[in-house]
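Open the model in your viewer and keep the sequence panel beside it.

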Amino acid sequence: MNGPAVRGATLALAAAAAVATAACAPSSGSRGTGVYLLLDTSGTYREELDKAEQIINYTLSRLDANDSFAVARIDTGSFSEKDIIAKVTFDDRPSTANMQKRKFSQTVADFLDHVEPAQHTDITGGLLQAVEWLNEKEPARKTVLIFSDLEEDLDEGYVRDITVPLDGFEVIALNVTKLRTDNLDPRNYLGRLEEWRERVEAEGGTWRVINDLDRLEGLFDT
């Protein structure tokens, strides 16, 4: 099989395993869980996107009936439903949920096979879109995952100096890679992490960073 075919088959198997795991998992609550994953597609971070499949399949394995999940890209202007790659609320029938997870995985795999690097990085716009989508779903638990180096790079004319209402949201940054400038001066990297932590917490949310993707077991355990 070629690369995309292998990836599709792998994701299909992962989705089936995810359904089996989810069927054994306890209910996440009467109103369920909502997860919104933002994928940075800008510049050199495009090369990191293959790692996102690991996060997506793990997330699928932890979601249950009536839970909601969306994956969206971060690009030049991310406050748009057009940037949502896949979205779903899982049915309470296991066979239907199984099909939903297979379709979700394949849709994301197709996107990853063909995505072109974005010119700019509108993290704030993506975060706003995540809040809007999760608020509409009204889950008991709202989690935003940001797969990015956290370097926001806005195009001319985009205004993002605004408050993002994050009260009741958990924001988790994943795979925050170091830029070339970070190697020259590590204060840039540490400052970027601290800036986002302060911003999320000031707007009412909680903040975590997970860079070791081999240790995702704690992603939804807090």
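The stops below follow the salt bridges of this structure.

This is a predicted model, in which local features need pLDDT of at least 70 and side-chain atom pairs count only at pLDDT 80 or more, while totals for chains, interfaces and linings use all residues. Residues are numbered from 1 along each chain as its sequence is written, and side-chain values use heavy atoms, with hydrogens and water left out.

A salt bridge here is a side-chain nitrogen of Lys or Arg within 4 Å of a carboxyl oxygen of Asp or Glu, and by this rule the count comes to twelve.

Begin by selecting Arg 160 and Asp 122, whose side chains meet in a salt bridge with N and O 2.9 Å apart. Arg 160 lies in the loop between β4 (141–147) and β5 (169–174) and Asp 122 in the loop between α3 (94–114) and α4 (123–137), so the pair ties together parts that are 38 residues apart in sequence. Helices (H or I, at least four residues) and strands (E, at least two) are DSSP runs, numbered from the N terminus. Both Arg 160 and Asp 122 are buried, a word that stands for under 20% relative accessible area, with exposed meaning over 50% and partly exposed in between (1.4 Å probe, protein chains only).

Next select Arg 192 and Glu 151, which form a salt bridge with their closest N and O atoms 3.8 Å apart. Arg 192 sits in helix α6 (residues 187–202) and Glu 151 in the loop between β4 and β5, 41 residues apart. Arg 192 is buried at 7% relative accessibility, whereas Glu 151 is partly exposed at 36%.

Finally, select Arg 141, Glu 170 and Arg 208, which a network of salt bridges links.
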